[in-house]
Amino acid sequence: MSTFDPPFRFLPRPALLLGAFILLSFAPPSRAELRTYYIAAEEVLWDYAPSYPVDPMHGTEFGDKEKVFLEGNEKDRIGHRYYKTHFVEYTDAAFATPKPRGPEWLHLGLLGPVIRGSVGDTIKVVLKNKTDNLPVSLHPHGLFYRKNSEGTHYNDGTLGADKADDHVAPGQIYTYTWEVPERAGPAPEDQSSIVWLYHSHVDETADTNTGLVGPIIISRKGELDAKGKLRGIDREFVVLFSVFDENKSLLLEKNMEEFAPRIDPDDAEFQESNRMHAMNGYVYGNLPGLTMREGEKVRWYQLALGTEVDLHTPHWHGNTLTSDGHRIDVLNLLPATHATVDMTPDNPGVWMYHCHVNDHIEAGMMAAYTVLPKSDKVAAKGKTGKQ
Ligand SMILES: [Cu+2]
């Protein structure tokens with residue numbers, strides 16, 4: 001008995017399959033969307049090294065070299081915990097419920113949420129300033145913004161409403177509107193998605209050292225599926241390499257009052273102890289969540305921010321990647337560089353992933369990523385019928 005209903009029952013099965021293929025091939029690309037994000041700037045007591053006093057890279061206690069940056073002593077060192085301000089995503093305009101961060105984004109750490117879009121979309125970010133006393137703003141790289149959504153104050157000839165985005169005062173809300181035209185998305189030689197930074201730009205250096213930074217991922221039209229997942233890519237990781245200079249933080253005074261009240265802020269050794277060589281706000285192997293499986297298509301978005309010490313060379317042990325059509329295991333980053341590189345790991349294990357600048361290795365700019373063997377998945381599938 002035929003399983004086909006009229007009027008297709010006269011067609012042979014190959015013709016039907018071909019017809020379906022043609023229909024799908026010419027299906028209109030996914031429609032442009034309005035994507036709205038609710039993001040608050042708020043204070044957090046951030047821990048650069050939750051494992052303290054254990055060094056997870058070596059399975060021992062931290063030594064004197066690491067303690068330069070990590071050891072607080074209630075007198076003249078702040079230690080591994082600092083008050084910072086960062087971007088937190090909320091579920092809606094009430095700003096009452098933070099949006100839970102899934103395990104796939106656990107590694108973002110201190111960073112704000114991923115703001116995602118496709119070419120043709122419009123992105124609205126409703127920003128609420130939940131800090132006590134710091135003006136904040138949102139400035140996106142790469143996207144198309146008018147003067148009322150640039151998030152930066154300077155003598156640009158604008159007045160009135162076009163200035164409202166420049167400083168969002170504590171307790172206030174402002175909505176930024178960013179367009180995603182072709183020129184904000186991947187160019188012909190790019191992969192299917194690219195990364196940009198967003199950050200507060202009231203006092204750019206102080207704001208970013210305080211922690212007000214996050215990623216934007218823009219994909220080609222039609223590359224996001226109905227669930228908002230990037231087609232053909234199994235996992236995405238975003239990592240920001242930055243020496244957070246806590247001496248330049250807007251919260252230095254608060255940190256000193258609470259953790260190191262008896263030190264001159266100009267003391268050179270104190271200042272050095274406050275330069276946190278971090279990957280997503282973690283040092284010395286504390287960055288969690290970089291887990292993938294052998295054979296998966298893994299996309300790494302690599303970012304840097306900071307000053308002249310922020311020339312970083314991320315290096316992956318154990319596997320290689322492609323960057324702009326070249327094979328690499330080390331990438332070059334300068335402040336505010338955005339790079340997208342792809343890996344198909346073929347080598348299971350726990351592997352080092354660190355900045356290759358010697359001074360930065362010593363100061364803690366290191367992590368580990370895990371590649372699970374493909375065989376586990378095959379075995380699990382055989383057992384349960386699903387992965
Ligand atoms: Cu580095």
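Which residue in β8 is the bridge partner of I123? In this predicted model, the bridge partner of I123 in β8 is W178. Local features require pLDDT of at least 70 and side-chain atom pairs count only at pLDDT 80 or more, whereas totals for chains, interfaces and linings use all residues. Residues are numbered from 1 along each chain as its sequence is written, and side-chain values use heavy atoms, with hydrogens and water left out.

Strands (E, at least two residues) and helices (H or I, at least four) are DSSP runs numbered from the N terminus, and two strands pair if DSSP finds at least two bridges between them. An open sheet of mixed pairing is formed by four strands in the order β4-β1-β6-β8. Because β4 (81-90) and β8 (173-179) each have a single partner strand, they stand at the edges, and one side of each is left without a neighbour in the sheet.

Two pairings involve β6 (residues 122-129):

| Pair | Sense | Bridges | Opposite residues |
|---|---|---|---|
| β1 and β6 | parallel | eight | A41 and N129 |
| β6 and β8 | antiparallel | seven | T122 and E179 |

The copper ion has as protein donors H312 (ND1), C355 (SG) and H360 (ND1), lying 2.0 Å from it. Donors are N, O and S atoms within 2.8 Å of the metal (3.2 Å for Na, K and Ca); water is not among the atoms, so sites may look incomplete. Along the chain, the donors follow the spacing H-x42-C-x4-H. C355 and H360 are both buried.

Notes
Buried < 20%, exposed > 50% of the residue type's maximum accessible area, 1.4 Å probe, protein only.
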